[in-house]
Structures are given as C-alpha cells and as structure tokens.
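Here is a short tour of one model, written for someone who likes to know the cut-offs behind each term. Please keep the viewer open as you read.

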Amino acid sequence: MSTLSRIPINPQLRQGRRMLTNAQVMHAAVLSCFPPDISTDTARVLWRIDQAENAFTLYITGPEAPDLRVIVEQAGWSTRPGQTTDYRPFLDRITAGQEWRFRLSANPVKSIPGAAGSRGRVVPHVTRAQQAEWLTQRSGKHGFEILPQPEENAEAQITVTRTEDLRFERAGATRPVSIRRAQFDGGLRVTDAELLRRALQQGIGRSRAYGCGLLTLAPFTQ
C-alpha cells in the first residue's frame, strides 16, 4: 500500500510555526505518524510544504496509512483533521504518453571533484536557470520529459517558483545542516510509467528526509 496525505498547518500555533521554519522538527513530526518498523522497500516517507499566500499545507507520502493526530493536535485545526487516500489506484492509472501538471520540491546540487586522492564537494545550484536545467537533465531517468511551452521553439515548460535556504541543527552532527530547497512547477509527459511511479513513491534527489524529493501530479485544467 502507498498513501498520500494532506494536512493544513496553522502558523498561529507555536508548534505550527516551529514545523514550518525548522525542517528537522517537521521531519521528526512526520516520522512520528508512522510505526518505527515500516518497510520502505517500495515507498518511503516523503513530505512537502505548499504555501498559497498565508495558507500552508503539508503533503506526506508513505508506505502505509499515517496517524495524523499528533500533527493535527499540535500544529493544525481540529476542525480540519487531515486527509489520507490510498495512492495505489492513481499510480496504477499512470501510462506512457499522459501529460500532467507537476510540482516538485527538491535539493538541486552538483558534485565538484576533488584533487587526486581527496574527497569532492557537493554544492547547490545557485541560479534558477541552473536549477531548472538540473531537473530537465534528470527527468528521463525518472520516467518523464518536461513539456515545451505552447509557443513553438520555446523553452521547456518548467518554472522555479520558490527557493529557500534551510539551516538547522541535527542530532549527532558536528555542524549545522544547510540545504537549498527549490520548488518546481510545470508540465510533463510520461515516458516510462514504472519509473515515474517509483519517483512518486521514492522521491527525486537528495535531502528527502527534509522536505525535498516529493513529486505530485495534477491534471491540466480545461
């Protein structure tokens, strides 16, 4: 079983603000919704925060149904307890050739080789053009291609709609964790349904424990 959940987050509550501003706190809260012995062979726990003006929505995917009560009680509204749906029927309907709107929160980085015998470095892509190119280059191995803009010979239909730099303490780490997170919105065409289903359940890129990697699809409006 694979699930998709949605929970409104209340920024007026202290814990709601902490979850929205500290990826480590949100990571711990999301994991608390699942038993510690869950299997992540086919699907792993991923999460993403979507913002529309002053409204914040937490999306979670996982290998089984989560217990959302902890997050709702501490950081949400009792009148809006969150929703969980079985993701499998939707995943099974994905076929090659379909076109979807997509949203992805990811950590676009590149590796810089070190000198002989030394360890290289992983650094974030800085510009939005570099970030968009990062996703375009990786789309094929995840079972999709970015749709072109409606105008002939236009660039790919992808926009980096938000970027943010995260910095937080992690237990056992000798220094703070720094992550550059980018939100991608655009259109895609399915080229390999199985690879795309895997990406939807396993995520894309690095830092998937900290709000990166979750890809979601929605139909184009008429």
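T61 is found in strand β3; strands here are DSSP runs of E with at least two residues, helices are runs of H or I with at least four residues, and both are numbered from the N terminus. This is a predicted model, in which local features need pLDDT of at least 70 and side-chain atom pairs count only at pLDDT 80 or more, while totals for chains, interfaces and linings use all residues. Residues are numbered from 1 along each chain as its sequence is written, and side-chain values use heavy atoms, with hydrogens and water left out.

Buried means under 20% relative accessible area, exposed means over 50%, and partly exposed lies in between (1.4 Å probe, protein chains only). Not counting residues up to four places away in sequence, T61 touches T3, L4, R44, V45, L46, Y87, L200 and L214; contact means heavy atoms within 4.5 Å.

Q183 sits in strand β10 (residues 177-190), whereas R206 lies in the loop between α6 (193-202) and β11 (215-218). The table sets the accessibility values side by side.

| Residue | Relative accessibility | Class |
|---|---|---|
| Q183 | 6% | buried |
| R206 | 47% | partly exposed |

The side chain of Q183 makes a polar contact with the side chain of D185, at 3.1 Å. Such a contact is a pair of N or O atoms within 3.5 Å; within protein, one must be able to donate a hydrogen and the other to accept it, and residues adjacent in sequence count only if both atoms are side-chain atoms. Leaving aside neighbours within four places in sequence, the contacts of Q183 include I49, D50, R103 and T161. With residues up to four places away in sequence not counted, R206 touches N107, V109, V122 and C212.

**The open sheet**

In what order do the 4 strands of the open sheet run? The order is β2-β3-β1-β4, with antiparallel pairing; two strands pair if DSSP finds at least two bridges between them. The edge strands β2 (46-52) and β4 (83-86) each pair on one side only. Strand β1 (residues 3-9) is joined to β4 by 4 bridges, and the partner of T3 in β4 is D86.

**The helices**

Helix α1 (residues 14-21) and helix α2 (residues 23-31) have axes that come within 5 Å and cross at roughly 110°. The axes are lines fitted to C-alpha atoms, for helices over the stretch in contact, and angles run from 0 to 180 degrees between N-to-C directions. α1 and α2 are therefore roughly perpendicular to each other, a class that covers 65 to 115 degrees; under 35 counts as roughly parallel, over 145 as roughly antiparallel and the rest as oblique.

α6 is mostly covered, with 7 of its 10 residues buried: A193, L196, R197, A199, L200, Q201 and Q202. The buried residues of α6 pack against β2, β3 (55-62), α4 (88-92), β8 (144-146), β10 and β11. At the start of α6, a side-chain oxygen of D192 comes within 3.1 Å of the backbone nitrogen of E194. After α6 comes G203, with a positive phi near 90°.
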